[in-house]
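Here are my notes on the model. Please read them with the structure open.

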Amino acid sequence: MAAPKKSSSARASASIPQVAWHQIRAAPIVLVSGPEGFLAERASRQLRDALRDVDASLEVHDVMADSYAPGELMTLASPSLFGEPRLIRVDGASTMNDAFLQEALEYLEAPADDTVLLIRHGGGVRGKKLLDAIRSGVGGGIEVVCAELKRDSDRADFAAAEFRHAGRPIAPAALRALVSAFTDDLAELAGACQQLIADTDGDITEQTVARYYGGRVETNAFAVADAAIAGRHGEALGLLRHALATGADPVPMVAAFAMKLRTMAKVGGTRGAGGQVASTLGLAPWQVDRARRDLQGWDEAGLGRAILAAAETDAAVKGASRDPVYALETLVRTVAARGHEL
C-alpha cells in the first residue's frame, strides 16, 4: 500500500514513527490522525484484535474527548486488581474539551503500564498542543496516518492490499475494473473486496468482477444516489440511464437510494461526535460523517417524502409497475428535489 501522506509541517515536527493504518502496533500512545474515518476505524479494530491475541483479558474502554469528564482518564488507566492490560480509545479529539486536553498532557508525562492510549484526531487546530507533544516524543508514542485516498492509484493500492492479505491473486484488469466501480466510498470498495474474497475461489479475473458488479463497473448505484441526494438532477439522471444501458439491475439501484436515505434519517437531528453517535445508532463513524454531509439542504418533511418514494419505487421495480425505468427516473427527480417539486 502507498506510504501515508504527510504535510510538510508534520514531517518537520514529528520525531516519532509515522506509519500507515495497516502497520499499527502497540505503543504507550497511539495517535490516529487524518480525515479518512474508514481507515482509522479499521486501524483501531486491528490494534484491538492484535492486543487480544496477546492477552484475551484485555479491557477496552471508549472515551469521547468532547464530553470528557475530569479524572476519567486517570481512573481508566489505574491498575486493576488482576492487572489486566487496557486499551483506552479516545474519539472526537478534534473537538476535545479543555479537561481532556489538560489531563492528556499530564498523562503523557507518565503513561500507565500495560496500557495503550489511542487518540483519534480527524484534523483541525483544536488540541494542537497535545498533538505537538505526542509528535515530539513525549509519552513514547507512534502516529498512524489515515490520509484520504483521493487518487485512483491510492485506492487501487488499498484494494490490492486487501487481496494480498487474504492470499488471493487478482488480475490487474480486474483490479482496475473493481476500483472504477467503487469510486466514491472507500468502505464500499472494501466491502466489494471482501465479498469477492468470500464468495469466489481461485484467481479473481475481470470476468469475475463483471459477473458480480456488471454495470457498476461503468456507473455504480451509489454514484447515482449520491448525485441525486446532492441535488444534481441532470447528472443523476444521466448516470442512471448510462447504468441501465450497461446492464445495471434496477433493484440494487433502488436499494442504494433506500440505504442512504434511511441512514440520513437515523443521523438527522443527532448531535455529538461521529464516534459517539455511531455507537448509539449501530453505525460506523464514517457513515455518520457521510450522512451529515448528505443532509445539507434537506429538511425533515422532504426526507420523509423521499423515503416513501424509495419504498414505492422498490415495489415498482419488483413487479408492481410495468415500467420500472420510469419509476426509477421519478425517484431520481424526487430525491434530487430533496422531496419537493423541482
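1. Start with strand β2. Five of its five residues are buried, so β2 is largely enclosed by the rest of the structure. Buried here means under 20% relative accessible area, exposed means over 50%, and partly exposed lies in between (1.4 Å probe, protein chains only). I29, L31 and S33 point one way from β2, while V30 and V32 point the other way. Both sets are buried.

2. Some ground rules. This is a predicted model, in which local features need pLDDT of at least 70 and side-chain atom pairs count only at pLDDT 80 or more, while totals for chains, interfaces and linings use all residues. Residues are numbered from 1 along each chain as its sequence is written, and side-chain values use heavy atoms, with hydrogens and water left out. Helices (H or I, at least four residues) and strands (E, at least two) are DSSP runs, numbered from the N terminus.

3. The partners of β2 come next. β2 runs parallel to β5, and five bridges join them. Strands count as paired if DSSP finds at least two bridges between them. V30 has L118 as its bridge partner in β5. β2 also pairs with β6, again in the parallel sense, over four bridges. There V30 stands opposite I142.

4. Now the whole sheet. Six strands form an open sheet in the order β1-β6-β2-β5-β4-β3, with parallel pairing. β1 (18–20) and β3 (59–64) are the edge strands, each pairing on one side only. On average, neighbouring strands are turned by 20° against each other, direction ignored. Axes are lines fitted to C-alpha atoms, for helices over the stretch in contact, and angles run from 0 to 180 degrees between N-to-C directions.

5. Check β4 against β5. β4 (residues 86–91) and β5 (residues 115–121) pair in the parallel sense over five bridges. V90 has I119 as its bridge partner in β5. Helix α4 (residues 98–109) packs on the sheet and touches β2 (29–33), β4 and β5. Contact means heavy atoms within 4.5 Å. The direction of α4 makes about 140° with that of β5.

6. α5 lies across β2, β5 and β6 (142–145). Its direction runs at about 125° to β2.

7. How do α6 and α8 cross? The axes of α6 (residues 152–166) and α8 (residues 186–199) come within 10 Å and cross at roughly 30°. The two helices are therefore roughly parallel to each other, a label for angles under 35 degrees. Their crossing is right-handed: the near helix is turned clockwise from the far one by less than a right angle. The residues that meet include F158 and F163 in α6, and L189 and I197 in α8.

8. Look at two phi values. Most residues other than glycine have a negative phi. D114 has a positive phi, near 55°. D114 is in the loop between α4 and β5 and counts as exposed at 57% relative accessibility. R338 also has a positive phi, about 55°, and is not a glycine. R338 is in the segment after α16 (324–336) and is partly exposed, with a relative accessible area of 21%.

9. Last, L149. L149 is in the loop between β6 and α6. L149 is buried, with a relative accessible area of 10%. The C-alpha atoms of L149 and G83 are separated by 40 Å.

Terms used: Angles under 35 degrees count as roughly parallel, over 145 as roughly antiparallel, 65 to 115 as roughly perpendicular and the rest as oblique.
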